[in-house]
Amino acid sequence: MNKYEQIEILLVEDNPNDVELTLRAFKKSNLDNKVYVVTDGAQALDFIFCTGAYTDRNIKSPPKVILLDLKLPKVDGKEVLRRVKLDERTKVIPVVIMTSSQEESDVVESYHLGANSYIVKPIDFEKFGHMIAGLGMYWIFINKPPIV
Amino acid sequence: MTQQDKTKEELIEEVRLLQKRIADAEQIERERERERESTYAESIVETIREPLIVLGDDLKIISANKSFYQTFKVTPEETQGRFIYDLGNRQWDIPKLRELLETILPQKTTFNNYEIEHNFETIGPKIMLLNARQIERVAGKERIILLAIEDITERKEIEAGLEKTRKELAVIKRTADEISEFAENIINTVREPLIALDQDLRVVKVSRSFYDFFKVKPEDTVGQLIYDLGNKQWDIPELRKLLDEILPKNNTFDDYEIEHNFETIGPKIMLLNARQIERGAGKERIILLAIEDVTERKQVEEKIKKLNAELEERVSQRTAELSTAVKELEAFSYSVSHDLKAPLRAMMGFANVLSEDYAPKLDDNGRRLIGVINDNVKKMGQLIEDLLKLAHIARQAMDVVDIDVTMLVQSVCQELREELFHDRAIEMSVKPMPAARADLTLARQIFTNLISNAMKFTAHKEKAVIEIGGYDKDGERVYYVRDNGAGFDMKYEDKLFGVFQRLHGQDEFSGTGIGLAIVSNAVRRHGGKVWAEAEVGQGATFYFTLPKGERNEQI
């Protein structure tokens, strides 16, 4: 039993405002205590592969979903996605790209790299709230992950 | 009885008998003589190689020689004593022979080389040369005719053949002369210097242009070894290779390039075309060498090549600059898309956090002000979306296909009504339209913007009528979207398609002022044009052209 045991959602997001609004939306679904936030791609990889600051985490209890922004400091979102999907141990973890970009090329490339979903963050607060609530509901309660 | 006993009558009788005996003896002697002569004559006749016949005065054959019998394949029995014309089934009854024997000979007694052409029954068509002599008082006859017949058919044929050959030779010679003259004319007419060499590579013939071009004289040229020409200036390794190695194997060689510094005319680049022509029994050969001076052309080509290289370098430089610019633009729109939207989301998000968390502390005006923030954030969001779309249209790669425009428009209309104008009564009239050849995404964008505009600007009408159609005019394929809405004043037409240009107030009709700019850009990318006709309060018609399509393709 350690502090990461209850983590079901990994949120990779560098914008603190987006983090705050996202967590606020998760809170409304009572999911905020299941979310762990990292603010760049390097941290994300450390968390996922249990390296660096996260050596005490067990790679065999992965999050149920990774919410990944594309534009990130240090290691960008696509690289994180690529590494996760290339590793036998982590490739089954669902990765949801959550970004402001609606560039077709980003969408296509993300899916090619193995993304499980691609979501454009809306500007509208109400839509954003609904989206986060829906996301949490789907990946935590509806979707059935494989047993690792 | 003695001699003296004989009577005078007896003696006379005796003398008479003696005289008779003498006369008889003389007669016999004469006949012998005649016979000898006759035999002699006959021997001569027999020895003559040509057929010969002896005719009597009555034109009956007295005799003929062996050669006659052999030549005409007849026997003495069926010949001697016969009338000449009756011989061998009357094959000798020839008008010309009759003329000779009956008319000419009696007058002239001799006739030489009288030619008769006749088809003889026994020996076929022949040409005979007749020689005739009329001889008086021979062989006990008053007059005999000697007729020598010479068969000259073969000789004639040979002569005719010889004549023919002679004529042919004359023709050949004339032709050869003409060809030679013709060839000479060609040699002297061609602009390029031309030189003919024999098998020892000595100059046989040279064109005028050769002398002119290389500034040499005929007397220093003809008969010379090519390598020795003009102070050995033609002794070029490449030429030696061509003449000594390549030509003996190939017989022909085109565009062999030689670069050489000629003593008389300076450095030149020459293009050589060579032909080796075999003559006679294949032993002799003539080499024709055409020389083209391509120095200037090469220089021009070099210059062009250099210019092209420079141009290419400049183009690639510009392309690099351009692609850098495009990349920057992409990065720009990416950050617009990503970084500009995040603060907006935050603004709107936290304004709402404010209204949720501090609701009790806010009065009506406070809540209204939060609403103003929200409205403006939304508007900004829409602006960003539209600007991104505009930028996207300018740089998007086009995938041009044949488009069934009627189907496309129907699908756009349906989509717009479902998404945006489901609560309004709009009379839509989509006419059948000719196919366009365009990028499907862009074409869809054009119609979406124009039709949604038409829907928007007919909002205040009791009954909105929108018509969409297309036709060919002046070789162009024109499409239009017509509405009976607010319209606009034509004096503002030029502002219509500019970015952020609006002809209506926000309180009248909402919008970012980018929609028509997108239409204009999309049409221009297809090489088309866009224009509008309108009247205030009477509606507007927007026209645009697209390339013609042929087949209809699935939308």
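Which residues in α3(A) meet which residues in α4(A)? I looked this up in a predicted model, where local features need pLDDT of at least 70, side-chain atom pairs count only at pLDDT 80 or more, and totals for chains, interfaces and linings use all residues. Residues are numbered from 1 along each chain as its sequence is written, and chains are lettered from A in the order in which they are written.

**Helix pair in chain A.** I found Lys78(A), Leu81(A), Arg82(A) and Lys85(A) of α3(A) meeting Glu109(A), Ser110(A) and Leu113(A) of α4(A); contact requires C-beta atoms, placed from the backbone, within 7 Å. I sorted these residues into 4 charged, 2 nonpolar and 1 polar. The axes of α3 (77-86) and α4 (104-113) come within 9 Å and cross at roughly 20 degrees. The two helices are therefore roughly parallel, a label for angles under 35 degrees.

**Chain B against chain A.** I noted 15 residues of chain B in contact with 15 residues of chain A. On the chain B side, α9 (295-357) and α10 (364-395) give two or more residues each, and α9(B) supplies the largest share, 12 residues. That side divides into 7 nonpolar, 5 polar and 3 charged residues.

**Cores.** Of its 44 residues, Ala443(B), Ile446(B) and Ile451(B) touch the most other members. Helix α12 (440-457) of chain B gives the largest share, 9 residues. I listed Ile403(B), Leu408(B) and Leu546(B) among the residues that Ala443(B) touches, not counting those up to four places away in sequence. A second, separate core of 36 residues includes Leu45(A) and Phe47(A).

Note on methods:
Contact = placed C-beta atoms within 7 Å. Helix = DSSP H or I, 4+ residues; strand = E, 2+ residues; numbered from the N terminus. Nonpolar A, V, L, I, M, F, W, Y, C, P; charged D, E, K, R; others polar. Axes fitted to C-alpha atoms, helices over the stretch in contact; angles between N-to-C directions. Parallel < 35°, antiparallel > 145°, perpendicular 65-115°, else oblique. Core = buried A, V, L, I, M, F, W, Y, C linked by C-beta atoms within 7 Å. Buried ≥ 20, exposed ≤ 12 C-beta atoms within 10 Å, placed from the backbone.
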